[in-house]
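I opened the model to look up a few places in it. My notes follow in the order in which I went through them.

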Amino acid sequence: MPELPEVETTLRGIEPFLTGHTIREIVVRNASLRWAVPPEVHLAAGRRVESCWRRAKYMLVEMAPLRTGRHSQAGGLLIHLGMSGSLRICDAGDAPRKHDHIDIVLENNRCVRFNDPRRFGVFSWWHRPFSDHKLLKNLGPEPLSADFCGRHLWNASRGRKGAVKNFIMDGKIVVGVGNIYASEALFMAGIHPSRQAGRISAVRYQALACAIRDVLSRAIRRGGTTLRDFQDTDGNPGYFAQELLVYERAGLPCFQCQAPVSRKVIGQRSSYFCPRCQR
DNA sequence: AGACAGACCTGTGAGC
DNA sequence: TGCTCACAGGTCTGTC
């Protein structure tokens, strides 16, 4: 479900409820997510949240250091929404719904509740420095940061024979480009999703980098994309679905040339493109 | 190194 | 109504 704009929307929703507040306890109703929820998550109990931020699609909730200064406990919660996860704000006493696996309960009785039907999500703990974490250390640049550009894509793609769509969805190359926005960005840049990554010019990668930036930042402004079930922390949908140009539009006319949009499975994922506009 | 398939799960909608 | 099948927004792991 969530790609980078949906994760960013979720983070902005929980941040004001968590930062500066003290966590009373972590309630784990079902620990079997993608990996078993480790006992370290309970290190959060009794501690104040110092800050919340995002790296790729991982949300990091950093705890204020303990007065004892025990370095081994410096760090915080690591949350990934997987394919179907969401967080919502509620009261600690509210009855849990189906698939409400974990609560972050605050001392003020508010609660950030993690729901994930498919349980592909992650709820874990990171130790300082966060960049040493196994899941975070091999990640490529953030697409909205200054070190992401067409030159970076061009350099990284030399000699690569796989499809460009798989290439831009590879988190070691650039993070946060999921299945929806990969199709959208390639359409905007006029590049066929099956084209070999190593056979695209620097100029075209420049256009692609701009398209990735553009589509992700517009989607964040709209609160993400709701196709089936994405909700922000208040239960509202995202409004970017109305602006999608090709995703889930197979058979409908291309907005640029009117030719029917095609669907093709690339890297085991549905891909949408205009066979006339994208080469 | 990199390309690819398989794995993890539940829910939904289409077709019979 | 109920069965089966295809498909769904992610990404790690193992094999070649």
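Which atom of DNA strand B lies 2.7 Å from a backbone N or O atom of Lys-161? I found a phosphate oxygen there.

Ground rules, for the record. This is a predicted model, in which local features need pLDDT of at least 70, side-chain atom pairs count only at pLDDT 80 or more, and totals for chains, interfaces and linings use all residues. Residues are numbered from 1 along each chain as its sequence is written, chains are lettered from A and ligands numbered from 1 in the order in which they are written, and side-chain values use heavy atoms, with hydrogens and water left out.

Entry: DNA strand B. I listed the residues near the strand (a heavy atom within 4 Å of it). They are Lys-98, His-99, Pro-117, Arg-118, Arg-119, Phe-120, Arg-160, Lys-161, Gly-162 and Gln-268.

I then checked two arginine side chains. Arg-118 has a side-chain N or O atom 2.9 Å from a base oxygen of DNA strand B.

Entry: Glu-142. I placed this residue in the loop between strand 8 (122-127) and helix 2 (150-157); helices (H or I, at least four residues) and strands (E, at least two) are DSSP runs, numbered from the N terminus. Is Glu-142 buried or exposed? Glu-142 is buried, because its relative accessible area is 15% and buried means under 20% (1.4 Å probe, protein chains only). Its side chain makes a polar contact with the side chain of Arg-54 at 2.9 Å; such a contact is a pair of N or O atoms within 3.5 Å, and within protein one must be able to donate a hydrogen and the other to accept it, while residues adjacent in sequence count only if both atoms are side-chain atoms. A polar atom of the Glu-142 side chain also lies 2.7 Å from the backbone nitrogen of Ala-56.

I also noted contacts (heavy atoms within 4.5 Å). Leaving aside neighbours within four places in sequence, Glu-142 touches Leu-4, Arg-54, Arg-55, Ala-56, Phe-148 and Val-175.

Note on methods: Buried means under 20% relative accessible area, exposed over 50%, partly exposed in between (1.4 Å probe, protein chains only).
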